[in-house]
Amino acid sequence: MIDVRGVSKSYGSVQALNDIQFQIDEGSCFGLVGPNGAGKSTFMKILVGVLQKFDGDIQVFNKSVKQNRQAVKSFIGYVPQDICLEELLTAKDNLMYFGRLYGLSGEHLRKRIRTVLDQIGLSDKANQKITEFSGGMKRRLNIGCAILHEPSLVVLDEPTVGIDPQSRHSIFALIQQLKEMGSTVIYSSHYMEEVEQICNSVGFIDKGKLVEHGTMKHVLHKHRSASIFVSADGIGKEELSLYGDTIEKKTGFTVNCDDPLLTMGKMIEQFRQSGINPERLELSQARLEDIFFYLTGTQLRDNG
Amino acid sequence: MWAITIVELKKKLQDKGIWFWTFILPIIFIVGFITIFSGMNEMEPEQLVTQIVPGYIIMFTFFIMISMVITFIKDRDSGMVARVASTPLPLNRFLVGKWLPFLIIVILQIIVLMLFGVLVYDLPLGDPLALMLISLILAFLATSWGMAMSLLVNTENMGIALTQVIALGGAMLGGLWMPLEIMPNSMQLIAKFLPQYWALEGFQSILQDGGHVMDIWLSLLILLGFGMIGCVISVFSYPRFLRQSRS
């Protein structure tokens with residue numbers, strides 16, 4: 001288990017993290033989401049032992065980050081937001097380099113390099129220099145360098161920034177593999193749909209504070225409310241307001257109500273009787289991004 | 001640690017700039033200044049060679065600081081420093097791993113330039129043990145200052161500017177460009193506070209006067225002291241440097 005106990009961090013007068021507390025179960029995939037500058041990277045840097053001065057503590061599999069920093073580092077694989085590779089070296093040499101930094105050597109290291117190259121889909125590019133790689137290939141190798149030593153905890157800080165859909169898909173598949181192998185994954189992103197897709201627990205961070213956390217199911221259930229989207233000729237806000245709180249949107253109306261399924265049935269009946277043929281009549285669920293906006297008043301993409 | 005050293009050495013071998021600063025430019029300066037000064041009859045040829053060759057060797061060893069600053073700042077700004085700090089590699093091994101390639105380059109630089117002096121200008125080498133010791137300590141000093149500078153400065157430009165001040169200012173005031181005897185007393189006093197002066201003293205004692213280790217012990221001790229200051233500054237500057245690192 002990862003147990004975050006009252007972690008606070010200041011940079012001068014700026015409070016980057018303010019009394020962060022939560023737990024992550026072993027083997028789970030935890031999504032840490034928040035806008036840029038919310039404190040995600042600061043938290044990651046503390047967790048992986050790069051930032052050493054902070055208040056509170058983090059227990060990683062029963063070892064304190066403060067007291068057993070070197071030991072904790074050995075079972076964490078950190079994928080930073082920036083691509084940290086030696087540009088003048090080949091993919092294989094980069095893996096060799098990071099493998100040695102994690103204490104691997106000899107045949108075991110060579111075997112791990114072959115396995116990881118296969119996992120990240122770069123076996124045929126092993127001897128190519130990084131300068132010849134696309135952004136997506138570099139991102140995959142960036143992850144490869146962090147999983148060589150088979151870490152129990154993989155920390156990924158915005159691993160899909162600026163890459164094509166194919167590479168993104170490949171990274172998701174890799175994370176899925178890690179989950180299946182029993183690794184605990186912490187995934188930081190401001191792409192909410194990614195987090196919703198791959199994580200089974202989530203924490204919202206904004207202005208250094210953890211505003212909500214829990215299993216994905218719990219958070220979605222707690223804050224998700226359904227609504228009905230209607231777009232039709234011959235019907236306006238006044239008529240729809242009979243069914244619930246109605247908000248006019250660009251292409252139609254959103255009707256918020258307590259029992260959307262029942263309400264939708266009533267609407268369909270009324271439309272049939274009135275001869276109205278709606279272009280769109282949809283039941284829509286609030287997404288993670290909507291929940292974050294509701295909780296913090298911060299629009300992620302505006303900052304991303 | 002060796003992983004860092006090997007990778008850094010591989011990178012340096014591909015860096016044409018470092019070859020220019022380390023070997024080509026010093027040779028141009030040595031040849032140029034010996035040619036200019038040999039036209040004047042105020043110095044004996046051997047005295048001229050034992051002034052200019054070690055003088056410019058000492059001056060150009062400090063230029064390694066430029067390469068060190070560029071390397072460290074690049075690694076800091078690319079996030080590589082934070083990435084390596086997230087591995088179990090201890091801090092001292094990281095610093096030593098990064099420092100060793102530059103130390104090796106400076107040692108090679110001294111060897112190549114000395115050999116150039118011997119082959120082209122019949123530079124007398126003197127006691128090999130004393131020469132080896134002072135060369136090693138000079139390389140240690142220049143690279144430890146380079147490390148300290150790299151971890152202290154905020155920008156590459158600031159590091160390059162300060163290196164110029166240390167290398168060129170130290171060369172001028174330390175008597176590397178011209179014999180101190182022809183400089184005013186106040187300048188001669190200032191020179192004694194500079195490592196360049198003590199390095200030249202040591203080299204000249206070996207090359208000109210046939211001195212041995214015991215004859216240059218003070219120079220060795222002072223250079224070692226200056227080098228240790230660089231190491232201490234590096235260790236204390238590292239946490240701040242790490243905080244500045246991206247990612």
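A salt bridge here is a side-chain nitrogen of Lys or Arg within 4 Å of a carboxyl oxygen of Asp or Glu. This is a predicted model: local features need pLDDT of at least 70, side-chain atom pairs count only at pLDDT 80 or more, and totals for chains, interfaces and linings use all residues. Residues are numbered from 1 along each chain as its sequence is written, chains are lettered from A and ligands numbered from 1 in the order in which they are written, and side-chain values use heavy atoms, leaving out hydrogens and water.

**Stop one.** Select B:Glu8 and B:Lys98. Their side chains meet in a salt bridge, 2.6 Å from N to O. B:Glu8 lies in helix α1 (residues 2–13) of chain B and B:Lys98 in helix α6 (residues 91–121) of chain B, so the pair ties together parts 90 residues apart in sequence. Helices are DSSP runs of H or I, at least four residues, numbered from the N terminus. B:Glu8 is buried at 1% relative accessibility; B:Lys98 is buried at 2%. Buried means under 20% relative accessible area, exposed over 50%, partly exposed in between (1.4 Å probe, protein chains only).

**Stop three.** Go to A:Glu87 and A:Lys138. This salt bridge spans 3.6 Å, N to O. A:Glu87 is partly exposed, at 31%, whereas A:Lys138 is buried, at 17%.

**Stop four.** Select α8(B), residues 156–173. Its buried residues include B:Gly159, B:Thr163 and B:Ala167. On the face turned away from the buried side, find the exposed B:Asn157 and B:Val165.

How values were computed:
Helix = DSSP H or I, 4+ residues; strand = E, 2+ residues; numbered from the N terminus. Expected span 1.5 Å × (residues − 1).
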